[in-house]
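Please open the model in your viewer and keep the selection tool at hand. The stops below are meant to be taken in order.

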Amino acid sequence: MASKNLCLMIMIAGFLPAITMATEYWVGGDKGWTIDVDYQAWAKDKTFKVGDTLAPPPSEGLTTGHDVITLAKPGKKWYICGVPTHCSDHNQKLVITVEDGAPAPAPAPAAPAPPTEYWVGGDKGWTIDVDYQAWAKDKTFKVGDTLVFKYTKGHHNVFKVNQTGFQNCIAPPPSEGLTTGHDVITLAKPGKKWYICGFPTHCSDHNQKLVITVEGGTPAPAAPVPGLAAPVPGPAPKKDDSNNSCKVTTSAYKIFVGGVVLIWTILTLV
């Protein structure tokens, strides 16, 4: 046993903190870490996983006589006793395969991008003789984004129109126009959006109009499938007569016992 306590164990592996629920394996079982033990036979029916521990064995020479190793990485692990001839002549060595532990948690889903504020026309703002389609061409407008129409109050305005009003520069009634000079429109729904300036000739002659396509939004609920039969109601629940049957049986038994007692009494009197 003295040679057992003096064994120098050399480990060929690196370790990190344990990440799974650990099982502690006592190397060699009751025989422990000593010479002339078939450690591969001892390890054959065991499943070693990341986070498990081996007790006794090792790391760069462990000599306490009760050395504990945490299996921190998957893969092959090799251990030997470093006392002369213990490994070479007496088979005091161990190799095991460590399986991967619990999988790493899935990354959290990326947070949705915050809404974007677009200043229509950029530095030029909302005015005449600007190519607003060229300005919008490389932009992706999404539900929740905002459009800011910046202009000199009293010189322009903003009307939201349909495709026909856009193509023909037809403005709705003045009461529907935005006229503050700093008009903010939130894109609340996906689809095509059309805007024009309602001042005479600004849309028709000076191209002061904008069309964009808004992406995103909540998908529409699925339509019901035509002809889908309604669920067939199940059979009505059966009435439980077990208690009544019990009552009938009990009553018959009482009548029978009463009759026996009556006959016995008459025979006794006779």
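Predicted model: local features only at pLDDT ≥ 70, side-chain atom pairs only at ≥ 80, totals over all residues.

Residues are numbered from 1 along each chain as its sequence is written, and side-chain values use heavy atoms, with hydrogens and water left out.

**The sheet**

Begin with the strands E9, E14, E13 and E11, which in that order form an open sheet of 4 strands with mixed pairing. Strands here are DSSP runs of E with at least two residues, helices are runs of H or I with at least four, and both are numbered from the N terminus; two strands pair if DSSP finds at least two bridges between them. If you colour residues 141-142 and 159-161, you will have marked strand E9 and strand E11, the edge strands, each of which pairs on one side only.

Next select residues 191-196 and 209-215, which are strands E13 and E14; these run antiparallel and are joined by 6 bridges. Within this pair, Gly191 stands opposite Val214 in E14, and Lys192 stands opposite Thr213. Now move to the pairing of E14 with E9, where the two strands run parallel and 2 bridges join them; here Lys142 is the residue that stands opposite Glu215.

How many of the residues of E14 are buried? The strand is mostly covered, with 5 of its 7 residues buried, where buried means under 20% relative accessible area, exposed means over 50%, and partly exposed lies in between (1.4 Å probe, protein chains only).

**The salt bridges**

A salt bridge is counted where a side-chain nitrogen of Lys or Arg is within 4 Å of a carboxyl oxygen of Asp or Glu, and by this rule the count comes to 2. Show the side chains of Lys46 and Asp45, which meet in a salt bridge at 3.3 Å, N to O. Lys46 counts as partly exposed because its relative accessibility is 25%, whereas Asp45, at 64%, counts as exposed.

The other pair to display is Asp138 with Lys139, whose closest N and O atoms are 3.4 Å apart. Asp138 is exposed at 64% relative accessibility, and Lys139 is partly exposed, with a relative accessible area of 26%.

**Two loop residues**

Finish with the backbone. Most residues other than glycine have a negative phi. Asn91, however, has a positive phi near 60°; look for this residue in the loop between strand E6 (75-81) and strand E7 (93-99), where Asn91 is partly exposed at 35%. Asp129 also has a positive phi near 60°, and lies in the loop between strand E8 (117-119) and H3. Is Asp129 buried or exposed? Its relative accessible area of 54% makes Asp129 exposed.
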